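Me: I would like a close look at the charged side chains in this model and how they pair up. Please keep it to what can be computed from the atoms.

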Amino acid sequence: MELLKTILPLYGNPTPSGCTPEEIDILKQRFGTIPQVVEDFYRLAAKTHPFHTAQDTWILPENYKTWPWLQKIDALVLLVENQGVCLAGIRREDLTHPDPPVYVSYWKNQNFSTDWQPCANTTTEFFSAALAYQAAFTFPFDPETFYWYTPEEKTLIQANLTPLPFYLKNWCSEMEITLYQNAPDNLLALMSFQGEDDSQTLYGAVTEQSYQKLLSVVGNLGEEI
């Protein structure tokens, strides 16, 4: 998959590992059909070990056999926030599209809401943005804290780092996550909240050299949370 060229360096270039055809058939039996981009991701990379050592939980086909709560959701669930605040998935009516949009459902009243909010325009964009964002929780070189950035500091980031061409909307408390870097194996995730001027950031790198390159731009910015 083309997206892996951007994503794998953020995890130290691991060897991708995917699901078997029999495992993927679990989803086809559950939903009748799945988008080609989803099938490709599961076949090529869904079981790549570092993807499952980050913040949130990627759903694998076999989870549909062991987690009964998934059967209650009329959508193909892709990712669940680590505290169960929200999940991302493809609505059933969109499953016939080759690269459908991804939506977010929030936990409300002891269940996930059926009021889906847009998260990414395509599944490819969702996989790319979510995998990149998750990588920020795995970096061996990082400041070990989050920072608050003012609007002025956010502008500096946008002017001095390269934005990645995908982002997440409405993730966890209606947060928009945009992503920036100045080396293939470093990343800054800028998290903006609806109604707030300041943004929260998380950043780091796979190698010390790339971490120092990132610090040359952001080292003096932000207030520790």
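Is lysine 5 buried or exposed, and at what relative accessibility? Please go on from there to the salt bridges.

Reply: Lysine 5 counts as exposed because its relative accessibility is 60%; buried means under 20% relative accessible area, exposed over 50% and partly exposed in between, with a 1.4 Å probe and protein chains only. This is a predicted model, in which local features need pLDDT of at least 70 and side-chain atom pairs count only at pLDDT 80 or more, while totals for chains, interfaces and linings use all residues. Residues are numbered from 1 along each chain as its sequence is written, and side-chain values use heavy atoms, with hydrogens and water left out.

Lysine 5 forms a salt bridge with glutamate 2, with 3.4 Å between the closest N and O atoms. The term stands for a side-chain nitrogen of Lys or Arg within 4 Å of a carboxyl oxygen of Asp or Glu. Glutamate 2 is exposed as well, at a relative accessible area of 59%. In the whole structure, a search finds 8 salt bridges.

Another of these pairs is arginine 92 with aspartate 74, at 2.5 Å from N to O. This pair links distant parts of the chain, 18 residues apart. Arginine 92 sits in the loop between strand S3 (86–91) and strand S4 (102–108), and aspartate 74 in the loop between helix H4 (63–66) and strand S2 (75–80). Helices (H or I, at least four residues) and strands (E, at least two) are DSSP runs, numbered from the N terminus. Arginine 92 counts as partly exposed at 31% relative accessibility, and aspartate 74 is partly exposed with a relative accessible area of 48%.

Arginine 91 bridges to aspartate 94, the closest N and O atoms lying 3.2 Å apart. Here arginine 91 is partly exposed at 21% relative accessibility, whereas aspartate 94 is buried at 8%. Elsewhere, salt bridges with shared partners join Glu23, Lys47 and Glu62 into one network.

Aspartate 197 belongs to a surface patch of negative charge, together with Glu152, Glu196, Asp198, Glu223 and Glu224. A patch is made of residues with over 30% relative accessible area and no salt bridge, like charges being joined within 9 Å and nonpolar side chains (Val, Leu, Ile, Met, Phe, Trp, Tyr) within 5 Å. Aspartate 197 lies in the loop between strand S11 (186–193) and strand S12 (199–205), and counts as exposed at 64% relative accessibility.

Technical notes:
Areas by Shrake-Rupley, 256 points an atom, 1.4 Å probe, with all protein chains shown as cover. Lys, Arg positive; Asp, Glu negative; His and termini not counted. Charge placed at Lys NZ, Arg CZ, Asp CG, Glu CD.
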